[in-house]
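Welcome! Here is a short tour of a structure that may be new to you, taken one element at a time.

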Amino acid sequence: MAAVQPPRMATLQNPAKRLKPKARFNWVVSDWIRKVLGWKYEWQAKLTGRGYYCGALHGESEYNITINSDRTVSCNCQDYDGAGHMGDLRKNTFEEIYFGPVAQKLRDELARGKMPIPTCTRCGDLKRLPARDAQPPAIRLPHRGMLLENTVRCNVDCTGCARETAAGLRVDKQLQMSLADMEQMAELMRQLGMKQIFYLNLGEPFLSPTIAQELPLLRRKNPDCRIVTSTNGVLLNTDAKREAALNFSHIVFSVHGITDEMSEKYMHRGSFTKAYAAMQAMAEYRNARGLTQPILEWKYLLFNWNDHPQHIARAIEMARAAKLDFISFWPTNNPFYGISWRWRLGRLKHVGVASWKGREVDLRAEGQRGTATHPFLAAPAV
């Protein structure tokens, strides 16, 4: 197996491309594909008489509805341009926003077979109505899961993320949710009876200076909730942060390669070496306290520069050595020039088991392997 390379200096992106990520060629292509898909779906609806509906806007989804750092509410988790903004919690209640005119216009357009915003075309919550002239399902408040963004600031710059565009749209430039606001949002989650809170969106959660206060507060208000975060790992680097992180049910470390050079091709200004050390340290901190949660997962995006069988085998070996619970391998289309053809051609089917993510390897001890990681995930959908 190839040895892990020593730390290198991070690759610096062109400042103009970093501050205006939608001008990157991969995003120009991605936006064009969304436009083509929009035409396709609208013509399908026109020819068949079957419209659409949004699982997130009808209370079926476990994801997508997002409370941003400035307390605006978006219908999706990739609201880079604000097209999915439905309202502002500083002006209206969540119920007023969710059942309000902006959200209803989105629902109405989908039912008529229109794509109200380009993001709909590549969203997992876009559902086709079962028959000609069929009515969408009843609308109910979200309860299975929502996203809560504590900050839109980030320490890295990923090629497939247009975070800087979204940050420029935050009301009053509120890039960080205050602790007082967070307490209100934690209470809102409790009132909604939320089963899952995804403490993530477009920023790095551990960049928040009040993370050590936020997480105990959120857990105290929602003791039985499955609380999940995603991090690049670099800033989960102190015992105070690790102690706070014990309030999570599941931590996903987004680390895309097995060397600094490999990782930096997609995640600029990051560090594989620091991220891997953070994964190891978090596992040691948790295990030293006799705990089995939070579940620790290495999320490995597949590209054509990190998908060689030797790379995959080495990553699994390193995940096992770090005492992680899972490593998962996720195919992606952005950037299009990085697409893993080994994945597309079915050359990675020997890795772990198939899952909605792609492929997944369960590294937990015998007896735990294959079991649900949280009671909510074992319960039937309601």
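## Helix H2

At 1.5 Å a residue, the 24 residues of helix H2 (residues 25-48) should span 34 Å, and the 35 Å between its end C-alpha atoms agrees with that. The expected span here is 1.5 Å times one less than the number of residues in the helix. Helices (H or I, at least four residues) and strands (E, at least two) are DSSP runs, numbered from the N terminus.

This is a predicted model, in which local features need pLDDT of at least 70 and side-chain atom pairs count only at pLDDT 80 or more, while totals for chains, interfaces and linings use all residues. Residues are numbered from 1 along each chain as its sequence is written, and side-chain values use heavy atoms, with hydrogens and water left out.

Which residues of H2 are buried? They are Asn26, Trp27, Val29, Ser30, Arg34, Leu37, Gly38, Tyr41 and Ala45; buried means under 20% relative accessible area, exposed over 50%, and partly exposed in between (1.4 Å probe, protein chains only). An α-helix has 3.6 residues a turn, so residues three or four places apart point the same way. The buried residues of H2 pack against strand S1 (52-54) and strand S5 (126-128), where contact means heavy atoms within 4.5 Å. Just after H2, Gly49 has a positive phi of about 75°.

## Helix H6 and its neighbours

Helix H6 (residues 179-192) is made of 14 residues and reaches 20 Å from first C-alpha to last, close to the 20 Å expected. Asp181, Met182, Met185, Ala186, Glu187, Leu188, Met189 and Leu192 are its buried residues. They pack against several elements, among them strand S2 (66-67), helix H3 (94-98) and helix H7 (211-221).

H6 and H7 pack at an angle of about 25°, with their axes 9 Å apart. Axes are lines fitted to C-alpha atoms, for helices over the stretch in contact, and angles run from 0 to 180 degrees between N-to-C directions. The two helices are therefore roughly parallel to each other (an angle under 35 degrees). On the H6 side the contact residues include Leu179 and Arg190, and on the H7 side they include Gln213 and Lys221.

## The sheet

How many strands form the open sheet? There are 11, in the order S4-S3-S2-S6-S8-S9-S10-S12-S13-S15-S14, with mixed pairing. Strands S4 (85-88) and S14 (353-355) stand at the edges with a single partner strand each, so one side of each is left without a neighbour in the sheet. Two strands pair if DSSP finds at least two bridges between them.

Strand S13 (residues 326-331) and strand S15 (residues 358-362) run antiparallel, joined by four bridges. Phe326 stands opposite Asp362 in S15.

Terms used. Parallel < 35°, antiparallel > 145°, perpendicular 65-115°, else oblique.
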